[in-house]
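Let's walk through this structure together, one part after another. Have the sequence and the 3D view at hand.

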Amino acid sequence: MFLVLIIHAALALAVVATRSRLGRSAFALGALGPLSLLVWLTTKSRSIVDGIAHRESIEWVPSLDLVLDLRVDAYALVFLYVIAVAGICIFLYAARYFGSDPKVGTFAGTMVLFGGAMVGLVAADHLLAMFLFWELTTITSYLLIGYSDHQESARSAALHAALVTGGGGLALLAGMVMIGTEAGTFTISEILANPPSQSAAMGVAWALVLIGAVTKSAQFPFHGWLPGAMAAPTPASAYLHSATMVKAGIFLVGRVAPAALVAAAWWQPTVLSIGFVTMVIGGWQALRQNDLKLLLAYGTVSQLGFLFLLVGSGEAKLLYGGLALLVAHALFKATLFMVVGTIDHEAGTRDLRRLSGLRTSLPAVFWVAVVAAASMAAIPLTFGFVAKEAAFDGLVKSGVGLIALASFTSILTVAYTGRFLIGAFGGHHPGHEPATPVGPAPRNSLVWAPVVLAAVAAVIGLVPGLVAPTFDAAVEAASGAAKAGKLVVWPGLVPALGWSMVSLVIGATLVWQNALVQRATDVVGTVSRRLPSADGAFRRGVAGLLSFADRSSGLIQSGSLPRYIAIILLVAVIVPATALFRSGISGGSLPVGGLLEAILGLLIVGAAATLLFTTRRFAAVLLLGGVGYGVAGLFAVFGGPDLSLTQLLVETLVVALFALVLRRMPAVFTPARFERTMRIVVAVAVAGFVFLGGLVAFSARQAAPVSDRYVEMAVPEAQGANVVNVILVDFRGFDTLGEITVLAIATLGVSGLVLPILRTRRDSP
Amino acid sequence: MSLISLAVAAILFGVGTYLILQRALSRIIIGLGLVSHGANLLIVIGGGFGGVPPILSEGVDPATVADPLPQAMVLTAIVITFGVTALLLALALRSYLLTGTDEVEDDPEDRRVAREVHPVVEPDPDEDMHEVVA
Amino acid sequence: MNRRPSPILEHGVVSAAGPMLVFSLYLLAAGHNQPGGGFAGGLVAGVTVVLAWAAGGPDTVRRIVPVRSSVLLGLGLVIATLTGFVSLVAGGAFLESGYLERTLPLIGTVKLVSPLGFDIGVYLVVVGMSLGLVRALGGEPPEEEVGS
């Protein structure tokens with residue numbers, strides 16, 4: 001499995017490196033990625049289906065307990081097959097889809113990278129590793145949607161998708177960290193085996209995880225990014241935004257549902273509600289679209305809602321149908337996206353009001369579309385029908401309300417499927433030209449790649465027994481329940497069949513009465529447009545965030561140096577002071593100090609206080625020197641003759657240097673303009689914090705000073721009796737070497753700052 | 001360590017801060033000098049209750065000497081502060097020679113950014129984003 | 001400085017400069033066992049330089065310390081670093097101290113410790129720094145630096 005990941009990474013690099021030479025054939029090279037995955041799957045799938053999960057592990061940062069664990073069970077196997085099969089077909093399709101755009105190679109490399117990230121996401125057995133791959137899919141998705149970066153719409157759609165799924169990713173990370181901390185392990189299989197029990201914190205954690213899944217799988221109310229993502233070139237739409245990436249959220253809820261149910265009672269009703277609302281909204285919007293690709297996108301939203309509730313509910317009988325439908329959906333939706341791409345490629349438009357007569361001019365494409373659409377509408381003898389019967393069977397057992405709502409959405413599905421087929425290939429649009437002109441029918445992978453996918457789906461639809469054991473094992477791996485459902489060509493006269501037949505008939509009627517439906521959707525659309533939409537809320541949110549950032553940075557970054565320093569100091573005081581008070585450590589009692597100390601202290605404080613009011617520069621400098629001499633005296637009191645000596649000498653030099661500089665300047669300071677009150681508040685806060693902090697810190701000291709050893713070793717090891725000097729030149733000599741280097745550099749800096757100006761003054765008086 | 005010295009250090013911090021929050025560079029340097037004095041004092045008194053100088057000539061009991069490590073650190077700090085002060089003085093002098101004042105003016109770029117505010121866009125309810133997708 | 005410095009003051013400073021420099025060297029040499037060391041010694045020499053500048057300007061400074069500040073800075077850094085490498089070559093750690101003990105005629109027992117070399121480097125850097133700062137902030141660049 002690691003090998004597959006490495007192959008993806010290496011291929012992505014290779015494709016990007018050779019992009020100028022390969023052109024669009026880079027996709028053919030990239031197809032080796034999903035192909036390697038498929039080969040791996042075929043060698044391993046037998047034992048995995050038998051119930052033996054495949055594990056691999058790499059110690060990554062052992063000291064931090066970061067290991068990269070991979071674990072492929074039958075549940076993950078289903079997703080990996082989708083990634084592999086859809087990937088191969090779509091890569092080969094893309095190799096003929098693009099023209100000679102120089103950016104194509106980068107696009108191909110990004111798609112390979114995405115494929116690898118998707119494999120890692122599904123196979124990772126560590127929450128944080130999974131999150132890493134999760135975010136990688138978000139980033140690659142952003143790059144792929146924004147491929148046409150000269151179009152403002154593509155850029156904003158990419159940003160929209162990245163912000164929504166990235167924000168959800170952050171929520172997911174927070175939830176994962178909470179769960180991992182509570183469970184004591186970040187290994188997914190261990191958490192599932194021993195899920196944390198119910199608590200308020202776990203409720204929040206699972207809600208955060210759910211938000212991550214909801215955003216990724218374009219569920220209500222975050223579904224707005226997926227239609228926008230159709231700005232991406234068709235291969236990306238087919239691969240990411242119908243077959244794989246949007247299934248990541250569904251993969252996640254299906255994976256964690258058993259553990260989430262333990263800790264959060266609201267999980268199941270919430271997942272069911274979100275799924276149903278998404279289903280209905282998506283199906284309804286699909287009926288109103290004129291762009292074939294958008295029609296498919298909203299259809300995807302609707303189907304994702306259905307999959308979300310089936311897989312995420314935590315019920316094994318729903319999961320069974322959900323997984324089957326997930327694979328069926330990936331097959332038919334990727335096929336249909338490629339069909340739309342081919343139509344766009346050949347006819348130059350995707351607007352179903354302008355397309356007509358393609359049935360005769362692109363017959364092969366037409367028949368592929370018919371097979372895939374039949375699966376989408378769940379006509380008997382297709383994989384879609386087999387899967388939906390399994391799903392309906394589970395819903396019937398769960399209650400009449402669920403099956404009724406699902407049937408309603410099925411009606412919408414049939415209706416928009418009809419709209420798609422007739423719109424794309426039908427011939428009789430009154431008032432339009434008889435047939436859209438197309439070139440000679442393509443005979444390359446633009447046609448046969450979707451054919452392969454449609455054929456795979458058709459075979460499964462006719463002989464579902466081929467894949468049934470895999471689904472049995474997958475459901476058992478995810479939920480523990482064996483024989484939760486069945487995949488059969490003809491279910492017999494069961495209630496589920498009744499529901500689907502009724503919805504099929506009503507749906508067909510709606511297709512027949514298309515004009516009526518359009519009028520109805522127009523009326524409802526005029527009303528619903530006035531309602532707050534997810535998209536509008538997103539745009540308002542982003543605009544509000546920008547204006548908030550402007551205002552707050554305008555407030556803080558005013559350009560005034562005193563204000564900057566005041567803010568920094570206040571933060572530096574408030575944050576540790578809060579921690580200090582919350583810690584509850586109290587200051588002990590310190591001795592007051594001796595008489596000599598008191599006299600020196602009074603001198604220092606007196607000089608400093610006078611400094612506050614003096615406006616003459618020279619007086620200020622002399623007072624600073626006075627403070628320095630006073631401090632030197634204090635050092636002597638505390639037993640530091642070296643310090644005292646150095647301080648005296650430095651202070652003398654500082655006063656002298658000040659005098660040299662100030663003799664050029666006016667005698668009096670310019671008056672300060674910054675608010676006096678503010679200065680006093682900040683100064684008092686700093687002084688108070690230093691006093692209290694010192695009080696606490698000095699009384700809290702327990703350990704023996706490290707310098708005890710220095711005192712012991714000074715004479716025997718360094719031949720020096722002056723311990724301070726020994727520390728400077730021997731024990732901490734490296735620090736001193738650094739220090740004198742700084743001094744030398746500072747001197748050069750001073751010369752560099754001042755001398756050139758003086759020279760020009762002298763040369764040109 | 002003693003209360004008096006701690007209070008002196010805190011007052012030096014306070015007065016220094018007050019002086020730093022101004023615009024005249026020469027006054028800021030003086031404020032910085034006061035803060036450095038306060039910090040050095042804080043480190044030295046943090047080292048313990050003092051003692052005899054840490055010079056181990058004959059007759060000195062090593063148990064009674066003041067902690068030498070904070071002293072060494074502060075000695076370094078004093079000299080480094082000297083270098084920093086000299087550099088700041090050079091900046092003040094340069095500023096004065098070039099502009100005739102040692103005042104720190106507001107950063108014009110920051111002021112421009114502060115004035116600039118993105119308008120809050122109200123999304124047009126009639127605008128159908130789905131037609132935008134090309 | 002535009003005003004003519006007082007000749008008496010200048011003379012006094014120049015005659016005091018010798019003893020002050022000797023005192024600074026004493027601090028440097030004694031620093032390992034008594035208060036003092038490279039920093040203190042260098043600073044005393046620095047104060048001497050400042051006094052000389054105040055008394056007679058750049059020319060007086062050059063009479064007392066006839067070296068350019070950059071030479072002192074560089075020499076000091078080189079000596080300090082080399083001392084560190086000496087003990088490295090001798091098989092110890094960087095800057096680990098070693099010592100030589102010799103009994104010389106007339107003077108008695110002399111103990112030469114390697115940290116003294118390091119402290120000499122510190123001393124030179126501090127003197128060079130004082131010299132450079134006074135020249136730059138004093139605002140009258142000496143002749144040989146103007147044209148370069």
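Helices here are DSSP runs of H or I with at least four residues, numbered from the N terminus. Keep in mind as well that this is a predicted model.

With that numbering in hand, turn to helix 16 of chain A, which covers residues 316-347. This helix has 32 residues, and from its first C-alpha to its last it reaches 45 Å, close to the 46 Å expected at 1.5 Å a residue. Why can helix 16 of chain A be described as largely enclosed by the rest of the structure? Because 29 of its 32 residues are buried, where buried means that 20 or more other C-beta atoms lie within 10 Å of a residue's own. Just after helix 16 of chain A you will find A:Gly348, with a positive phi of about 80°.

Now let's look at how the chains meet. The contact between chains A and B takes 112 residues from chain A and 93 residues from chain B. On the chain B side, the elements that give two or more residues are helix 1 (3-20), helix 2 (25-46), helix 3 (68-99), helix 4 (108-115) and helix 5 (129-132). Helix 3 of chain B gives the most, with 24 residues. Sorted by class, this side of chain B has 62 nonpolar, 20 polar and 11 charged residues.

Chain B also touches chain C: 7 residues of chain B are in contact with 6 residues of chain C. On the chain C side, the largest share, 3 residues, comes from helix 5 (residues 114-138) of chain C. By class, that side of chain C divides into 5 nonpolar residues, 1 polar and no charged.

Notes: Residues numbered from 1 in each chain as written. Chains lettered and ligands numbered in written order. Predicted model: local features only at pLDDT ≥ 70, side-chain atom pairs only at ≥ 80, totals over all residues. Contact = placed C-beta atoms within 7 Å. Nonpolar A, V, L, I, M, F, W, Y, C, P; charged D, E, K, R; others polar. Expected span 1.5 Å × (residues − 1). Buried ≥ 20, exposed ≤ 12 C-beta atoms within 10 Å, placed from the backbone.
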